[in-house]
Amino acid sequence: MNEILKMKAKELKTKICSGELKSVDAVKACFERVREAEPKVKAFLKLNEEQSLKQAEDVDNKLKTGAKCGQLEGVPIAIKDNIMVKGETMTSASKYLEKYISPYDAMVIEKLKDAGAIFVGRTNMDEFAMGGSTETSAYQKTANPWDIERIPGGSSGGSAAAVASGMVPFALGSDTGGSIRQPAGFCGVVGYKPSYGLISRYGACALASSFDQIGTFAKNVTDAALLTSVIAGKDYRDPVCEPNERIDYANDIDNPDALKMLKIGIPKQQVDYKTDSEISKYFNDAISKMKLEGAEIVEIDVPAYKYVPALYKVIMCAEVSANIATFDGIRYGYRSPNGINLNDEYAKSRAESLGYEVKKRILFGTYVLGAKNYRRCYRQAQKVRTLLINQITEAYKKCDFIFSPATLQMPIKFGETLPEECDIFLTAANLAGLPGITVPCSFTSTGMPMGVHFMGSRFSDAKLFIAARAFEKISGFDANKRPVF
Amino acid sequence: MSKYETVIGLEVHMQINTKSKVFCECSTQFGAKPNANTCVVCASQPGAIPILNKKAVEAIVKTGLALDFTINKQCAFARKQYFYPDVPKNYQITQSEPPLCSKGKLAINVGGKEKVVNITRIHLEEDAGKLVHEIGGRKLDYSLLDLNRASVGLMELVTEPELSSPGEALAFLTELKNIVEYLGTSECSMEEGKMRCDVNVSIRPIGQKELGTRVEIKNMNSISGVRDAIAYEVERQAEALKSGGKLAQETRLWEAEEGITKSMRTKEGALDYRYFPEPDLVPFDLPDSFIEDLKKQLPELPKIKKERFIKGYGLSEYDANYLISTRTIANYYEDSLRFLQDKKAAAKPIANWISTELNAKLNASKIDISESPVSSQNLAKLVSLILSGVISGKIAKTIFEEMYEKSSDPEVIVKEKGLMQISDESAIIKICEEVIAESPKAVAEFKAGKERAIGAIVGLVMKKSKGQANPQLVNKILLEKLKS
């Protein structure tokens, strides 16, 4: 494999800026790898080879004149297909938006453009990010690069698979209930979801507004932190985006003493869930390794974990039912030619263009918000959400991070069903607005990667990166190992 | 009819007077080209997020403060879901519980009796766009969507069912409109759709406690239309009950041209709006200082202004009522007074000029006083000219005509045309002597004891002086001459 693809994004950027490496060569290397891997992985819905090379050339020419070098100057990146890039299609992997062209840039895209990043392609996902396997995409199934008969996870499966197979150094995803961190775990890459409000959601196609966050995929923690530094920050166009100083998360990320005295909380509830035996084994190994580095392991008690799947489903579906309502065939998107009156046109436009999972969630969300069900379903779920948040807040009095396997099961084959508690420790972060990061931990006996997950308190993102980076160094995971095609 | 009593509640929507929409940065300008005032937020493109306009919250809180409301500090929004093409998100962002303002009141005066009407709430929400089904009278076989109005801020005010006649509803809306216009928080024009009113009407036998079957009426486009619709509906309901019929709980549309209400939909088809908290706009508390500052900014409201006009300027209740009837008239009045030195002396004549001459002209040309061709300063000058005796009241009326036609300055007119009143005795004596010489018949009559004949002689003097002679002086001099 091309040496360029083994470089960290940070290194790439430095070399491009110093003229040691051409951006064109970095982009070419990506597309060489695309030609090897993509026919089997199918991570991309759209690839912009010509345009990327042109952009890379422009970067190289610009740098020759001694122009200022952006934070990600000339570095290739993949974008999940639910983030708006002006003038480009944005399908959210739905037939409804097949021909939709973004009229504007998402805030993260504005920032990436300013930083000089090169968008090589749009990655596959579950339709409107609804799913955990990328199988609900209306266009194609993405394979797990480590075993192409298995799912990459989802909903950001395309981004995870693209990074895992080495087609791009990093990628953007979105995470509503684990949609970055679960596929990162399944594919053996770093996947990070920020604290709710750290990164503007402006321009990310909404799934469940109170959980949605844009986040990052990378081969290593430092690159994920670097990318986060570029896209994080206050944006008045997203009112939940909170004021914060511009932080360089990648700077000072290497702290040799990071694990010393760190209190790692392990939920007592973990044993209540069926966990893959190898995942358990490597997870316990990970705990031992951190202990050796001086971390203190404490047990924490969050009884409300057991409600996570139910309350996530109720609140998420409720918000979905309202957010997806705008896709009515009137102003843009698919319009059925068969409608005989307004209501019929609504019904047929939606029936003919939305997938099964989307319809199921709309129906369920509509049900839980109905006048007869609101109190016992939606409001009850919000109360339990508060309970969960309170219990987690209490737990953070005893520990710095909550540590768990990224997923409790290994990726399944296409068509199989994951147990719904598979990623409850990830979803809890969305319900409580907390930052979480999946770090690859080990390869199992079948050669598949497994990951672990650190969850921090709200806006402890910088510390979270430092802890994750410290673990990465002792995990023993070979980040240079690449799937073979 | 007399054995029933009427129960009326109003739901009033007023477009909030802000430069930009309530949840995006688009302009609210009326009359722009279709869809010119739209953006990714109000046209609901994927990934767009609403942002709250602080000015809209201010307008609601101000209105609430002026109507004795309790201001709820928590500012929280909800999604009200229903499918219709003029609501691009297919939900409307509105407020459920709590609204920004709870429990207010407004005093109305009908037939000299004051009544305090309790108002349940005022909340903030966004307006819908507009569907166009015809162009220039030509019916289209498709519909066009104009989203210029989508997401313009609205305040919705809901009264308790305490009004008991069409006249009370009229008085309530007139008074409300007046106060809101004083506050400047809405332009309140029903004709432009900036104020809309839905009415709930029911009747019940006098003495019965339970309310009768409620009918909602929509589609009135003037305050008098609201009154007429209620009057019609009360009669229709009474007729139905008298003939042994039953009333349906329904929504009816007012057809202004026919002067009747028509059934639109019955309650069975009622929608479940599936309200839930708006996750994009996290609830927050209004700071106390925010509310305090708005309290300080409240302008003088009509009631207080009226008292001040009566006490301070010695105006009659009638004059004061006329002057405070709109904010623009009151402003015009006070602006005029500001230009005058002796306000006490000028207060009454200025009031008279506004309520009679100016009002008549403005009505005839359908112009609001704020756009009056006669500026408040020019009216002040005119009255000042009269008070200082430079011109007579009669000449003033002629001057006023020209002031209205050409927006001209009365001092300039007087100078250019030489219309100054003649108070120079020698000049008047000369004219009087001439007239006496020219009118032997009238002089003879007067001398024969017919004192009224002097009127004709005065008239001739005035005519000869082109109306400029000071009438008091003319009288005095003529009497002296004729009696000597």
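Mentor: Helix α9 of chain A, residues 308-323, lies across β4, β5 and β15 of chain B and runs at about 60° to β4(B). The model is predicted, so local features need pLDDT of at least 70 and side-chain atom pairs pLDDT 80 or more, while totals for chains, interfaces and linings use all residues. Residues count from 1 along each chain as written, chains are lettered from A and ligands numbered from 1 in written order, and side-chain values use heavy atoms without hydrogens or water. Helices (H or I, at least four residues) and strands (E, at least two) are DSSP runs numbered from the N terminus; axes are lines fitted to C-alpha atoms, for helices over the stretch in contact, with angles from 0 to 180 degrees between N-to-C directions.

The three strands under α9(A) form an open sheet in the order β5-β4-β15 of chain B, with antiparallel pairing (DSSP finds at least two bridges between paired strands). β5 (91-94) and β15 (276-277) of chain B are at the edges with a single partner strand each, so one side of each has no neighbour in the sheet. Strand β4(B), residues 78-81, is joined to β5(B) by four bridges, and the two run antiparallel. A78(B) stands opposite T94(B) of β5(B).

Elsewhere in chain B, helix α13 (residues 440-447) packs against helix α15 (residues 471-483) at an angle of about 75°, with the axes 11 Å apart. That makes α13(B) roughly perpendicular to α15(B) (the range is 65 to 115 degrees; under 35 is roughly parallel, over 145 roughly antiparallel, the rest oblique). V443(B), F446(B) and K447(B) of α13(B) meet L479(B), L482(B) and K483(B) of α15(B) (contact means heavy atoms within 4.5 Å). By class, this contact of α13(B) with α15(B) has four nonpolar, no polar and two charged residues. Nonpolar covers Ala, Val, Leu, Ile, Met, Phe, Trp, Tyr, Cys and Pro, charged covers Asp, Glu, Lys and Arg, and the others, Gly among them, are polar.
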